[in-house]
Amino acid sequence: MEEQGRLAESLAYEPQVTVSGPTPFTVTADTIEELEVRTVDVEIICATGSSYTAAWTGPTVGSLLDTASVSPETTHVVVESADAYRVVIPIREALGGVVSYLKDREPIGAHQDYMNRMVSPGTEGARDIKGVSRIEPKIFEPDEEPESAENLFPDGKRFTANRIEKDDLEQAE
């Protein structure tokens with residue numbers, strides 16, 4: 001299948017995705033064959049307010065977590081990008097998603113400066129991470145704030161559609 005070949009080719013590039021758990025592993029051309037791969041239509045709503053819908057193809061989050069032998073008690077997943085941007089997604093939202101290497105059946109890296117994207121129906125655009133490098137399952141207690149594990153300001157920069165320097169934020173206050 002031509003699409004499967006494009007998917008395997010995309011897996012050769014950085015960042016490779018590492019999934020934490022009792023049986024941690026890295027998604028590669030070899031391991032992708034053992035994962036459930038699906039195409040999902042997901043609308044991305046950008047920080048600018050614009051939106052678009054695309055067909056995203058990659059391993060399902062559920063199959064990634066199953067392969068890593070993640071506890072069924074998991075409440076959230078921490079998804080981190082290659083540039084240390086990190087968000088927490090509730091497990092119910094994450095399970096509907098994929099770590100996509102193809103967008104509309106074409107390798108994402110052919111048109112972007114990142115090779116993959118975590119997308120999940122119902123997840124806000126800022127949580128659909130570009131350039132995923134790590135997925136970590138977490139169990140948060142009801143009195144814990146999942147957002148405390150997030151890093152929305154890698155390298156002192158605030159995440160926006162056009163990343164704003166920390167100094168610019170301080171001047172605006």
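**Salt bridges and an open sheet in a predicted model**

E80, R86, R134, E136 and K138 are linked in a network of salt bridges. A salt bridge here is a side-chain nitrogen of Lys or Arg within 4 Å of a carboxyl oxygen of Asp or Glu. The structure holds five salt bridges. This is a predicted model, in which local features need pLDDT of at least 70 and side-chain atom pairs count only at pLDDT 80 or more, while totals for chains, interfaces and linings use all residues. Residues are numbered from 1 along each chain as its sequence is written, and side-chain values use heavy atoms, with hydrogens and water left out.

**Salt bridges**

- Side chains of opposite charge can pair when their charged atoms come close.
- R134 has a relative accessible area of 23% and is partly exposed; the term covers values between buried (under 20% relative accessible area) and exposed (over 50%), with a 1.4 Å probe and protein chains only.
- E136 is partly exposed at 22%, and K138 is partly exposed at 28%.
- Another salt bridge joins E36 and R38, with 2.6 Å between the closest N and O atoms.
- The relative accessible area of E36 is 39%, so E36 counts as partly exposed.
- For R38 the relative accessible area is 34%, so R38 is partly exposed too.

**The open sheet**

- Four strands, in the order β3-β4-β8-β9, form an open sheet with antiparallel pairing.
- At the edges are β3 (37–45) and β9 (106–107), each of which pairs on one side only.
- Strands are DSSP runs (E, at least two residues), numbered from the N terminus, and two of them pair if DSSP finds at least two bridges between them.
- β8 (residues 102–103) pairs with β9 in the antiparallel sense over two bridges.
- L102 stands opposite P107 in β9.

**Y85**

- Y85 lies in the loop between β5 (76–81) and β6 (86–90).
- With a relative accessibility of 6%, Y85 counts as buried.
- Y85 and I129 are 44 residues apart in sequence, and their C-alpha atoms are 8.1 Å apart in space.
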